[in-house]
Amino acid sequence: MGKRRLALCAGVLAVTAFGPAACAAYAADGGDVSVVPAAPAPGGDIALRVTGCDAREAVARSTALVSDARLTPDDGDGLAGDGRVRSTATAGTYTVTVACDGTEHRGTVQVVRKQTPAAGAEPAARPSPVAPVNAGAGGAARDLAGRPEQQGPGTAQAVVALALAGTAALTVHRAARRQARRGRRTG
């Protein structure tokens, strides 16, 4: 079997084996209705999808949602739509139902509690940046912020630059001499 065929077969096998598992990690358990993300916070947006429904349109209902979600055909073999979790929803598991072709499809959504700071506690992050910003140089901006501004390279940088330039010139000179000697021997 050729390398391309082998790679193609391995790719198809991987998608077949791991694709549903990866999708299940994000979708809620509980039937033909999937909810992504499976555990939203109150006020969060969710995507709903139902499979095994041949209708051209359906409605998803749940006490966790602000309003009923309209589902329309998606690219696959089901219906999909968007919804929003009520901002007043309490943490817990809610049932999502979709009536389609005389059949009721069910799923669940797990509403999680929003993380709010305790009363009187200060927020962990500041609301705006604090100068100086760590913008490269390994955090050197904070160290250099209080120092007076310097103009140009110092003596140490000039000495290092001259040493490097001298080494480069010597290397080029030696390479040219070797090339010239080889040219005389072969001629």
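**Contacts of T97 and overall organisation**

In the predicted model, T97 touches V59, A60, R61, E104, H105 and R106 when residues up to four places away in sequence are not counted (contact: heavy atoms within 4.5 Å). T97 lies in strand β6, which spans residues 92-100; strands (E, at least two residues) and helices (H or I, at least four) are DSSP runs numbered from the N terminus. T97 counts as buried because its relative accessibility is 18%, the limit for buried being under 20% relative accessible area (1.4 Å probe, protein chains only).

Residues are numbered from 1 along each chain as its sequence is written, and side-chain values use heavy atoms, with hydrogens and water left out. As the model is predicted, local features need pLDDT of at least 70 and side-chain atom pairs count only at pLDDT 80 or more, whereas totals for chains, interfaces and linings use all residues.

The protein contains three helices and seven strands, arranged along the sequence as α-β-β-β-β-β-β-β-α-α. Of its 187 residues, 19% count as buried. Among contacts with a separation of 6 or more, 49% are between residues 24 or more positions apart.

Helix α3 covers residues 155-186 and includes R174. R174 also belongs to a positive surface patch, together with R177, R178, R181, R182, R184 and R185. Patch residues have over 30% relative accessible area and no salt bridge, like charges being joined within 9 Å; a salt bridge is a side-chain nitrogen of Lys or Arg within 4 Å of a carboxyl oxygen of Asp or Glu. Lys and Arg count as positive, and the charge of Arg is placed at CZ.

Definitions and conventions:
Patches are made of residues with over 30% relative accessible area and no salt bridge: like charges are joined within 9 Å, nonpolar side chains (Val, Leu, Ile, Met, Phe, Trp, Tyr) within 5 Å. Accessible areas come from the Shrake-Rupley method with a 1.4 Å probe; for residues, only the protein chains shown count as cover. Buried means under 20% relative accessible area, exposed over 50%, partly exposed in between (1.4 Å probe, protein chains only).
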